[in-house]
Amino acid sequence: MIQNAKLLLGPPGCGKTYRLIQEIKTALEKGTHPSRIGVISFTRKAIEEMIARSCAEFNLEAKNFPYMKTSHAFGFHGLGLKTTDIMNAEDYNNIGRELGLTFEGREYTSLDGGITLPTIGGAGSRYLQLDSRARLRMVDLEQEYNEEADWNLFFAKLKQLSDQLVEYKRSTDKYDFVDMIEKFIEYGESPYLDYLFIDEAQDFTPLQWEMAKKIAANSDKVWIAGDDDQAIHRWTGVDVNLFNKSSDNIEVLSQSYRIPKAVHEVAERISMRISGRHEKIFDSREEQGKVEYVNYLSEIPLHEGSFTLMARTNGYVTEMANWLRSAGLKYSRNGKSSLSEELVGNLITWDKLCQDKPVGLQEIKNLYSGVKKQGVDAVVTRGSIKLLDALSSDVQLDMGTLIKDYGLLRDASYGAYEVLNVPASEQEYIDAIFRRGEDLLSAPRIKVSTFHAMKGGEDDNCVVWTASTKACDRTKFPDDEHRAFYVGVTRARHNLYILLSNNKYRYTI
């Protein structure tokens with residue numbers, strides 16, 4: 001429990017961030033300097049939103065709020081670290097060679113992002129994750145190993161990796177991501193704050209709670225904000241009970257500005273299955289909204305409007321994405337469009353050139369960059385882009401000029417797909433989108449996502465697929481499933497479509 005703290009429970013769409021901003025506004029109006037206001041959170045997304053809103057509201061800049069950071073960044077900056085002090089792929093490879101373990105790729109955790117388990121690949125990655133998770137949970141290695149119960153892993157090898165990591169970091173003065181929290185708790189200097197806001201606190205691990213307590217000890221007033229029903233990161237070491245017990249001074253935001261009545265009813269049915277939760281009574285919007293159960297994606301009116309399709313795992317998200325592709329529907333995943341904007345732009349550029357229309361220099365450069373420059377299939381000569389670099393940026397060129405003076409080897413007798421070497425499957429997809437009357441250059445109306453990636457987001461129309469996995473369905477922690485699907489259904493602003501699964505393992509809504 002944190003002294004002088006208030007626990008603010010914010011159900012989905014109840015304006016938790018807005019409420020915190022209002023508290024910051026009150027503090028500033030009372031004369032509190034921005035540098036005496038701290039915000040610590042699990043994710044970079046939450047911090048960026050808080051900074052953006054604060055700056056917009058009070059006509060300030062991000063630099064005016066030096067203590068709005070993720071817990072990760074608090075440790076990084078509080079210890080005075082540089083990026084070169086952080087373990088990288090080469091460091092893990094050095095350790096792996098000593099132990100006969102492979103580490104592939106790089107660790108994807110951003111220095112400004114939230115604490116997550118290492119996502120580096122290779123045979124050593126699972127051992128590395130167990131070591132990190134044990135430290136985040138503040139339990140010994142053997143307990144973590146036994147509770148994980150992955151008997152494909154060997155405890156002796158895990159202990160060997162853990163010991164080697166400690167020795168390697170000591171000898172090289174390197175830090176890994178968990179060190180940033182551990183060492184800050186041990187050696188870091190906490191700022192003196194008038195106000196500390198701990199946001200998305202339901203996703204804090206025990207180690208992060210220790211950091212929060214250290215910072216809170218130097219803070220006059222502390223707000224702890226979050227929603228235990230949306231604590232969906234237990235797999236990283238989160239213990240939601242620490243959030244629930246963090247303060248006896250509790251306020252529940254009671255009005256959702258997102259969820260219509262029909263969706264609210266579904267959400268309540270799911271939340272009642274969660275054990276040990278804070279009971280939160282909150283009102284929906286006046287709009288009735290719609291909840292519809294369907295058996296197939298083809299039953300959903302995906303041809304118009306904004307949609308987000310969600311599923312429990314990335315594998316199921318891929319299945320939905322593949323269906324959308326086969327149906328000729330453009331979509332985005334992790335912010336990336338299913339149709340290359342660069343490719344579409346080049347197709348349009350070639351079409352303009354074939355109609356003998358002049359095209360801007362940058363469009364020509366983009367086209368030249370996307371075509372072959374060698375062999376029998378060459379579209380432009382090697383080095384032709386350098387010829388374009390000598391031209392004025394506002395110049396426009398037609399096909400005849402490009403063929404005559406700037407290395408273009410093909411003319412209007414060649415189709416765009418041939419010139420750009422577009423695979424047959426991609427041609428079919430583009431043609432299907434075009435037949436649907438969709439603007440090829442417009443942002444996709446449809447997103448696909450896991451529940452976890454969509455947390456904090458919302459959409460007019462949401463689809464929740466009830467397919468699950470054996471590991472999720474037979475878990476020792478059934479609340480994980482309830483919370484995941486609760487997050488999924490509460491993203492909907494107007495209409496919710498529940499896509500029923502006939503899989504052996506599925507969730508019942």
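Q: Is Val-178 buried or exposed?
A: In this predicted model, Val-178 counts as buried because its relative accessibility is 4%, and buried here means under 20%. Val-178 is found in helix H8, which covers residues 177-187.

Q: What does Val-178 touch, leaving out residues up to four places away in sequence?
A: With those neighbours not counted, Val-178 touches Ser-132, Arg-135, Leu-136 and Leu-207.

Q: And how far apart are Val-178 and Ile-215?
A: Val-178 and Ile-215 are separated by 37 residues in sequence, and their C-alpha atoms lie 17 Å apart in space.

Q: Going back to Arg-135, which lysine touches Arg-135?
A: Lys-169 touches Arg-135, and the other residues that Lys-169 touches are Met-87, Lys-174, Tyr-175, Asp-176 and Asp-179, again not counting residues up to four places away in sequence. Lys-169 lies in helix H7, residues 155-172.

Q: Is that Lys-169 buried or exposed?
A: Lys-169 is buried, because its relative accessible area is 9% and the cut-off for buried is under 20%.

Q: Changing topic to pockets, what is the volume of the second largest pocket?
A: The volume of the second largest pocket is about 810 Å³. Its lining is made of 29 residues, and those nearest its centre are Arg-133, Arg-234, Trp-235, Phe-477 and Asp-480.

Q: Which elements give two or more residues to that lining?
A: Those elements are helix H5 (125-137), helix H6 (141-148), helix H10 (240-244) and helix H21 (478-489), and H5 gives the most, with five residues.

Q: How do the residues of that lining divide by class?
A: The lining of the second largest pocket divides into 11 nonpolar, six polar and 12 charged residues.

Q: Now helix H2, which of its residues are buried?
A: The buried residues of H2 are Ala-46, Ile-47, Met-50, Ile-51, Ser-54, Cys-55 and Phe-58. They are on the same side of H2, because they cover an arc of only 155° around the axis.

Q: What span should H2 have, and how far apart are its ends?
A: H2 has 15 residues, 44-58, and at 1.5 Å a residue it should span 21 Å, which agrees with its end C-alpha atoms being 21 Å apart. H2 is followed by Asn-59, whose phi is positive, near 55°.

Q: Which residues are buried in helix H11?
A: In H11, residues 261-271, the buried residues are Ala-262, Val-263, His-264, Val-266, Ala-267, Ile-270 and Ser-271. They pack against strand E7 (290-294), H21 and strand E15 (492-499).

Q: Last one, what does the protein as a whole look like, in helices, strands and span?
A: The protein has 21 helices and 15 strands, and along its principal axes the C-alpha trace spans about 75 × 60 × 55 Å. Of its 509 residues, 51% are buried, and among contacts with a separation of 6 or more, residues 24 or more positions apart account for 77%.

Key: Residues numbered from 1 in each chain as written. Predicted model: local features only at pLDDT ≥ 70, side-chain atom pairs only at ≥ 80, totals over all residues. Heavy atoms only, no water. Helix = DSSP H or I, 4+ residues; strand = E, 2+ residues; numbered from the N terminus. Expected span 1.5 Å × (residues − 1). Buried < 20%, exposed > 50% of the residue type's maximum accessible area, 1.4 Å probe, protein only. Arc of directions from axis to C-beta. Contact = heavy atoms within 4.5 Å. 1 Å grid on protein atoms, 1.4 Å probe; cavity = no way out; pocket = protein on both sides within 12 Å on 5 of 7 lines; lining within 4 Å. Points joined across faces, edges and corners; volume = space filled by probe spheres on them. Nonpolar A, V, L, I, M, F, W, Y, C, P; charged D, E, K, R; others polar.
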